[in-house]
Amino acid sequence: MTGAALSPLAPTARPKQSILTAGDDMKRRNAAESRFRIYGLIAIALALTTLAIMLFTIVRDGVSAFHQAQLTFPLELSADVLDPKGNRLRDEMTKVTTVGYAKVLTTAFQAELARKGITQDGVTDKEIAELISKDAPGQLRAMVLADPALVGTTIDATVLAAGRVDGFLKGRVTLESAERDGNVTPDQLRLAEKLRGAGILSSAWNWGFLTNPDASDQRPEAAGLGVALLGSAYMMLLVLVTCVPVGVAASIYLEEFAPKNRWTDAIEVNIANLAAVPSIVFGILGLSVFINFAGLPQSSSIAGGLVISLMILPTIIIATRASIRAVPPSIRDAALGVGASKMQTVFHHVLPLAMPGILTGTILGLATALGETAPLLLIGMVAFVDNYPAVPPEGFLDPATALPVQVYSWASRADPAFIERSNGAIIVLLVFLVIMNVGAILLRRRFERRW
Amino acid sequence: MSVLMLLAAIAVLALAAYLLARQRSLASAGGNPRLLHSLPLYYGWYGALSVLLPALGALVLWLLIQPMVVEHRISTTLPADLVADAAARDLSMADVRRLAGGLDAAVAQGALTEDDARKMGTGTTDLRALLGTVGVALGSDVTPEILGAAQHYRHITSWGAAGKTALVLVLAVAGLFWGVTRAHKDFRARNRVEQVVLGLLMMASLIAVLTTIGIVWSILSETFQFFSIYPYQDFFFSLTWSPNFRGGSDLGIIPLIWGTLYITLVSMIVAVPIGLFAAIYLAEYASRRTRNVVKPLIEVIAGIPTVVFGIFALVTVGPFLRDWFAQPLGFGNSGSSVMTAGIVIGILNVPFISSLSDDIINAVPQSLRDGSYGLGATKSETVKQVILPAALPGIVGAILMAASRAIGETMIVVMGAGAAAKLDLNPFEAMTTMTVKIVGQLTGDTDFAAPETLVAFALASTLFVITLGLNIFALWIVRKYREQYE
């Protein structure tokens, strides 16, 4: 305790000592002082280290999602199998299912192995076929149906390799783990090693991760963020056109026109409390009002966009009111003095001056909106969607998913390959957030005005 | 006429009204704008608004009301067994709408003539096959009742569409005449336009109130429904939570509240010391340069979406705690646990506590510090004995708000805490929270008549009441014990 230092009675009781050398008491107090300081440093170090560890693990686990193993080999699109009638009519060719295309792929792949002189070493034909992604036949079929003239030619096909082979190239799957894995055998991996030596198997930049729709549990290698990015973009668009005008209008009213009475106070308390309502409760609101009552389709971006708009409305109102309040009263007085009406003062003078602050607040609000997950789970956006939503306005009603929801739904799947996808999706999400935040900071630096 | 076409028509009429009214007002003043009461553009806006407001209002109302009226009319014509209860009615109405949509598509693609679509019966053609060819797949063969209802539906909606178009256009044209004829040099156009704008601004500020009403209404109505089929004593006082979608579930909230509070406690044990010490260091010890670097870095944590923290809990923290603490110490081998979720939520709350406390500490006047230093106190003694007591109400408020955030946090507990509802003291055991169960009961197939689904709403109202109560309490503490420095 410091009673000795503060009590007026203490000096008489103390032994004589120089004020230039620290006594025992002073030493103890100085030690307490430096301990206290170190606690502060430790606290900051702990917080920042955790942040660093989190970002590090995400980047470490997620960066590989942007590369994907693929197999390249010449592929003869045999007309006998793909177009039995030989008239290249699209309608008749749709009768050939992906099973037919899978056969074409496997035959060509095995032929290539034989040509390169790679022996199978106890790997069965079926296991060889398993090295090719289950998604490849579907992609090939779509390609051929889009351009029937390809039938009968030989193309240099590049198809996705199976997820385990991809994991092997990235070090996630090893010969030891393959022993315990029902989906892949060590022999298959040894064969994959040889394929890599022969240049058939390679790893390439994976645009598909950003453009493909989601894929089922069995084919993590084909899963991409296409639908999630579109869904998030649609929702941000809706938030921008619904939430921002309403938020700005509400702030103008509350800050400039509202009479100071009970009713206005009630609105203010209401807004402050809305900002503290847990996000999941907004999900409940969306489910009952937008889905069950208004009948909007589940998982649609319009339902998600409206829920998120309501959720970030308080944020936008608080930011906008702060920047309107920052405009000094002298501006208003001057405008009113030269004969402008109250409305003209606000719209011609106050609002333009508050604009940079409003824009900054809006961008930061959108950044929060982009990362929001919990309410979207309740309105069904966690559903598996593998069709791109249409172009707006109809597309707003189509089922879609959102970037953070995709992170969650991949993380809850069994195959560890989806954890890599999940982390990759987080990287994409964080890149967007960084861009938005840096934009907001630059905007503030460029236009901020001190009065 | 489609809604988009109608909107375009309204926009064109509004533009015409703007130009005409502006023109007319200028003409009434003999081309001299100084003789006008308001600036010419206000006359224009008055004209445009008198087109826009009634026409758009009518359009919105019609779009909201027409589906309800049609639904009602159709369901009264359907036989009683098809509309026995709400679920059956929804199902048959969906069939009717789908068939009507199919008929529309068939007419549009020329597979049917409009006359056939209106009069055909089920006996003459195989409708299911016919609609299949135009890309509308029906689940079952069409019954005569459904076909009749669908034809009736098409009839009503086509009349509805015509009526809507006519009403909206008539209102728009009437508004145009009204607005343009009022344009005269003595008309107080600016005042009228400003009144309308003020009304719009006021309506915008009511949206926040409507949201609150919507939240309260949506959770309360379903909660009452839940308590009408499930006794409230069992909900609030039962010690077991075991929902069973075949009926006979035990839906006691106590284990969930226990899990929620336990996780919140752990998170506060992490967040409060770290946040508080960081705030004290930044406010009292750090140089300006350090502060300018460190403070934004800590706030970065607050900008990261919670789902990212969820992944961090699931992939990194959970396995780490399991392998280094829980298993060696014999506390079990669960990756998801109270500790995992609590620690990660704690980290998430650090910037919240530290920036609020930082502001509060900075608000303590310098004269108090100077007085303390003058008496010979060291910096840490000043902090402990002068600054913290002065800032205490604000800091307690910040801690309570952080606790309310921890209680309402969803993604981290969904991914890091587990799903087993139990009453246990072991912090390395998986437990669950109210938010996890809200998500669990409301995702996937839901039946809004079963208590297992409706319980989510009762949980949500409990959560809403708890978090709101904590926040109000925090604000009250801050307001009541705040020191006023002059």
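Tutor: 76 residues of chain A are in contact with 77 residues of chain B, where contact means heavy atoms within 4.5 Å. Before going on, please note that this is a predicted model, in which local features need pLDDT of at least 70 and side-chain atom pairs count only at pLDDT 80 or more, while totals for chains, interfaces and linings use all residues. Residues are numbered from 1 along each chain as its sequence is written, chains are lettered from A and ligands numbered from 1 in the order in which they are written, and side-chain values use heavy atoms, with hydrogens and water left out.

The size of an interface is often given as the accessible area lost when the parts come together. Here about 6400 Å² is buried between chain A and chain B, and carbon and sulfur atoms give 79% of that; buried area is the accessible area (1.4 Å probe) that two parts lose on being put together, summed over both. On the chain A side, A:Phe36, A:Met54 and A:Ile284 lose the most area to chain B, together 10% of what that side buries.

A:Arg29 forms a salt bridge with B:Glu381, and their closest N and O atoms are 2.7 Å apart. Helix α3 (residues 24-62) of chain A supplies the largest share of the chain A side that touches chain B, 23 residues; helices (H or I, at least four residues) are DSSP runs, numbered from the N terminus. By class, that side of chain A has 57 nonpolar, 15 polar and 4 charged residues. In this count Ala, Val, Leu, Ile, Met, Phe, Trp, Tyr, Cys and Pro are nonpolar, Asp, Glu, Lys and Arg are charged, and the others, Gly among them, are polar.

Rings of Phe, Tyr and Trp (its six-membered ring) pair if their centres lie within 6.5 Å; planes under 30 degrees apart count as stacked, over 60 as edge-to-face and the rest as tilted. Over all chains, the count comes to 24 aromatic pairs by this rule.

Technical notes: A salt bridge is a side-chain nitrogen of Lys or Arg within 4 Å of a carboxyl oxygen of Asp or Glu. Helices (H or I, at least four residues) and strands (E, at least two) are DSSP runs, numbered from the N terminus.
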